[in-house]
Amino acid sequence: MSATTRRLTTAQALVRFLSAQYTERDGVRRRLIAGTWGIFGHGNVAGVGQALVEYADVMPYHQGRNEQAMVHAAVGHARQLNRLSAQAVTTSIGPGATNLVTGAALATINRLPVLLLPGDYFASRVADPLLQQLEHPVEADVSVNDTLRPVSRYFDRLTRPEALIPSALNAVRVLADPAETGAVTLALPQDVQAEAYDWPEEFFADRVWSVRRPAPDPAELAAAVAAVQAARRPLVVAGGGIHHSEAEEALRAFVEATGIPVASTQAGKGSLRHDHPADLGGIGHTGTAVSDELARTADLVIGVGTRYSDFTTASGTLFQNPDVRFLNLNITGFDAHKLAARTLVCDARTGLEQLAGALAGHRVEPSYEAEYRSGKKRWERVVEAAYHAADDTAVPTQTQVLGALDAVVGDEDVVINAAGSLPGDLHKLWRARSPRQYHLEYGYSCMGYEIPAALGVQQAAPGTPVWALVGDGTYLMNPTEIVTAVQENLPVNLVLVQNHGYASIGGLSESVGAERFGTAYRHRAADGTFTGAPLPVDLAANAASLGMDVLRARTVRELRSALAEARASGRPTCVYVETDPAPTAPPAEAWWDVPVAEVSGREAAVEARARYDSEVAGRRRHL
């Protein structure tokens, strides 16, 4: 080996290369790949597995129990650090690789970086077919890893060692790109992983990837200023891009200068503190009354860092002003052009700062400010009523669980949720006190995200109290990373809410004429229906068996005490509470389109279809 090359296996070269990659934004430098999660099998144990042993001093390794969960943990880590740092995930071939697909979809939909390193078949085909290999009769180069192509922002299969150099550079380019980021997949044939090659030393030099803050085009900025100045009822819709750009202070300065109120998507909640006079809370199907009332009459909607999901737009029925127009500030042209908007394609912080500067002296009418501030006060009374328990010896409702948690957490705590009935209650009711406190994964709304994501957040912010809020349905989907929390001594707090079924889908099922079929955990009767008492399943005992400390709370008073004890603990702790199923959350303030059977012999479905036809008539195409 010459002085300018280093002889390593492909896997060793990849791990060594990844350990030398950094991001830099605003003068702050971070490791791009902070660590690697892995479960080993015959597709990666002798390649990436051996390389992680070789370079254990520069690449931290984390042992997972489920491949999908490892991706969720990496996503939680990336989101907590505003996409400036990521983690890698390595798996064997076969089911280990295909278990990555759900996590990859979640990462890409939410625009969050994660590097996936699944094993693959022999590039040389000397062992063909091998264990777990998919044989395709007419496409011999297809493997199960091709399922990752549509959910990856970059995909490559390395059939030669030297192909790693351009592929690895492209992979980290995408991971560090604020507009293109998402899941990145490098499929690694197991023979290529172990093959040696003479690598140029320059490949292993420290490399810094600048995370850009592109400024708006001057012509677009001028048009945006004119649109804001002409509006009488403007409304900001704050999306996750506010957090990714660390633009919270720029947003606060913008709204304080202009008086324009802010409503937030699930990803954007916390862009303003809940007690800021201009913060109206969530928007859309799970939004607050004041946000949705203003959205219906807004003449200019200023979307900042949002992709306008159907929950945000109430499936196209929310923005009803005949003259409404949209101004979208987004780092991607793809999202900026939605709803036929005027566009500001730029970084959120840079764009807000320049827009505020160009609008110097402009402010909405005092009557408009008074209107939304009055609406905010009315909604605060709704929150208090939902949180309040008149009898603290009673079984708590789900919203009272949130009220008890609200009384315990500090500004620095992180509350994580993704699926079930909790996202709606949280979006309406939670009082976000800091930019990172509210951590809702609602782009993919993946059951089973919460517990592993809590591990990733805890790794990204050691010492931060982290709460994973899960219902019984979500818990049963993916509790395995409790073992990882115990092993890695990550003191995450799990709030396990037992309501004996899929509460969210149960309510939806009833509303669309499906009569709650298959949504409760009950014994099956002779006629095939699910009736009777709840199943004798003890999820608290299960959590304890996996190594968690468990605190059972039967009343509101016991719940408050248990939450405080969990927060003070230095151990992974579960607070288990069985809730009163009586609905106490405010009803939906806007519609969501779930198509109902057009014909049916059952009265429930016929009535639901009539309601559906009435609601769908309000849909608009914004052109």
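Two strands are said to pair if DSSP finds at least two bridges between them, and the legends below use the word in that sense for a model that is predicted.

**View 1. An open sheet of six strands.** The strands of this sheet follow the order β19-β18-β20-β21-β25-β24, and their pairing is parallel. At the edges stand β19 (438-440) and β24, each of which pairs on one side only. From one strand to the next, the twist averages 20 degrees. As background for this view, strands of a sheet pair through backbone hydrogen bonds, either parallel or antiparallel.

**View 2. Strand β25 and its two neighbours.** Strand β21 (residues 493-498) pairs with β25 in the parallel sense over six bridges, and within this pairing N493 has T573 of β25 as its bridge partner. Strand β24 (residues 549-553) also pairs with β25 in the parallel sense, here over five bridges, and L551 has V575 of β25 as its bridge partner. Between β24 and β25 the chain passes through helix α23 (residues 556-568), and this β-α-β crossover is right-handed.

**View 3. The pairing of β20 with β21.** Strand β20 (residues 466-471) runs parallel to β21, and five bridges join the two strands. One of the residues to look for is A468, whose bridge partner in β21 is L494.

View 4. The side chains of R557 and D392 meet in a salt bridge, with a distance of 3.0 Å from N to O. Because R557 lies in helix α23 and D392 in the loop between α15 and α16 (398-408), the pair ties together parts that are 165 residues apart in sequence. R557 counts as partly exposed at 48% relative accessibility, and D392 is also partly exposed, with a relative accessible area of 23%. A salt bridge is also formed by E412 with R567, whose closest N and O atoms are 3.0 Å apart. E412 lies in the loop between α16 and β18 (414-417) and R567 in helix α23, so this pair ties together parts that are 155 residues apart in sequence. E412 is partly exposed at 46% relative accessibility, while R567 is partly exposed with a relative accessible area of 27%.

**View 5. The salt bridge between E380 and R431.** The structure holds 41 salt bridges, and in the one shown here the closest N and O atoms of E380 and R431 are 3.7 Å apart. Since E380 lies in helix α15 (residues 366-387) and R431 in the loop between α17 (422-429) and β19, the pair ties together parts that are 51 residues apart in sequence. Which of the two terms, buried or partly exposed, applies to R431? R431 counts as buried because its relative accessibility is 11%, and buried means under 20%. E380, in contrast, is partly exposed, with a relative accessible area of 27%.

**View 6. A nonpolar patch on the surface.** F40, V45 and Y61 form this patch, and together they have about 240 Å² of accessible area. F40 has its place in the loop between β4 (33-38) and α2 (48-54), and this residue is partly exposed, with a relative accessible area of 33%.

Methods: Residues numbered from 1 in each chain as written. Predicted model: local features only at pLDDT ≥ 70, side-chain atom pairs only at ≥ 80, totals over all residues. Heavy atoms only, no water. Patch = residues over 30% accessible without salt bridge, like charges linked within 9 Å, V, L, I, M, F, W, Y side chains within 5 Å. Areas by Shrake-Rupley, 256 points an atom, 1.4 Å probe, with all protein chains shown as cover. Salt bridge = Lys/Arg side-chain N within 4 Å of Asp/Glu carboxyl O. Helix = DSSP H or I, 4+ residues; strand = E, 2+ residues; numbered from the N terminus. Buried < 20%, exposed > 50% of the residue type's maximum accessible area, 1.4 Å probe, protein only. Right-handed = clockwise from strand over helix to strand, strands pointing away. Axes fitted to C-alpha atoms, helices over the stretch in contact; angles between N-to-C directions.
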